[in-house]
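Please keep the sequence and the view at hand.

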Amino acid sequence: MKATGVVRRIDDLGRVVIPKEIRKTLRIKEGDPLEIFTDKEGEVILKKYSPIGELSEFASSYADTISKTTGHIACITDKDTVIAVAGGSKKDFLEKSLSKELEEVLENKEVFKSKENNEIAIPVTEGEGRERIYNSQIIYPIISDGDVIGSVILIAKDAAKSMGEAEYKVAQSAAGFLGNHLEI
C-alpha cells in the first residue's frame, strides 16, 4: 500500500472526503460505487466496484464464444479496463485502462460502428494512440439499470473482413445479455 500523506477527518455523519487528486488519478467520479474492505490490522480499503469485473471468468468464456462465432477479436470491458479478450493478443488489451476516446463513447451511451475498413478506429486502451488502425470495429455499451457499466467490442483482424449487420447484432445481443444479467 502506498502512503499519500493526506489525512482527513470523519465528519459527524461518518463521511470522509477523498481528495480530488486521488479521485482524478484513480478515475473515481461522482456516483461511482466503491467497495469497502477491512483487514486484520484495522485498515479500511476502498476499491472501485465493477459489476462486470465480478464476472471476469464468465466474461472470458463469453468473449471466447463471440470471437469464435464472428472470427474477430472480442473484448469485454468495464468502465475503466478491459476485463476479457479473445481472438487477439491478451498483452495488448487485458487489464489495460480504456482510452479517453472510448470512455467518452461509453459516457455518451453511443454505439460505434466503423463504416469502412480504412476508417481510423477508436483506440481501445490508454496510450494506444491512433497509430494502430483496426480494420473495422464495433463498440456496443453494456447498460444496466440505465447506467453504462462497460462495453462489448469487436475488432476485425483481417483487412479483407469488415463488420456487417451480423457482427452488429452479436455485439448488441452480448451487451444486452450482460446488462440484463447484472441488473439489480
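Two strands count as paired if DSSP finds at least two bridges between them. The model is a predicted one. By that rule, strand S6 (residues 137-144) and strand S7 (residues 147-155) pair over eight bridges, in the antiparallel sense.

In what order do the five strands of the open sheet run? The order is S4-S3-S7-S6-S5, and the pairing is antiparallel. S4 and S5 are the edge strands, each pairing on one side only.

Strand S3 (residues 73-77) pairs with S4 over four bridges, again in the antiparallel sense. The two form a hairpin, with four residues between them. Ala 74 stands opposite Ala 86 in S4.

Is strand S4 (residues 82-86) enclosed or open to the outside? Five of its five residues are buried, so S4 is largely enclosed by the rest of the structure. Buried here means under 20% relative accessible area. S4 is an edge strand, pairing on one side only, yet its residues are buried.

In a regular strand, side chains alternate between the two faces of the sheet.

Glu 95 is not a glycine, yet its phi is positive, about 60°. Glu 95 sits in the loop between helix H3 (90-93) and H4. Lys 109 is not a glycine either, and its phi is also positive, about 55°. Its place is the loop between H4 and strand S5 (112-113).

How exposed are these residues? Glu 95 has a relative accessible area of 66%, so it counts as exposed. Lys 109 has 42%, so it is partly exposed.

| Residue | Phi | Relative accessible area |
|---|---|---|
| Glu 95 | about 60° | Glu 95: 66%, exposed |
| Lys 109 | about 55° | Lys 109: 42%, partly exposed |

**The charged patch**

Which residues gather in a patch of negative charge on the surface? They are Glu 101, Glu 104, Glu 107 and Glu 110. One of them, Glu 104, belongs to helix H4 (residues 100-107). Why does Glu 104 count as exposed? Its relative accessibility is 54%, and the class of exposed residues begins over 50%.

Definitions and conventions: Residues are numbered from 1 along each chain as its sequence is written. This is a predicted model: local features need pLDDT of at least 70, side-chain atom pairs count only at pLDDT 80 or more; totals for chains, interfaces and linings use all residues. Side-chain values use heavy atoms; hydrogens and water are left out. Patches are made of residues with over 30% relative accessible area and no salt bridge: like charges are joined within 9 Å, nonpolar side chains (Val, Leu, Ile, Met, Phe, Trp, Tyr) within 5 Å. Accessible areas come from the Shrake-Rupley method with a 1.4 Å probe; for residues, only the protein chains shown count as cover. A salt bridge is a side-chain nitrogen of Lys or Arg within 4 Å of a carboxyl oxygen of Asp or Glu. Lys and Arg count as positive and Asp and Glu as negative; His and the chain ends are not counted. The place of a charge is taken as NZ of Lys, CZ of Arg, CG of Asp or CD of Glu. Buried means under 20% relative accessible area, exposed over 50%, partly exposed in between (1.4 Å probe, protein chains only).
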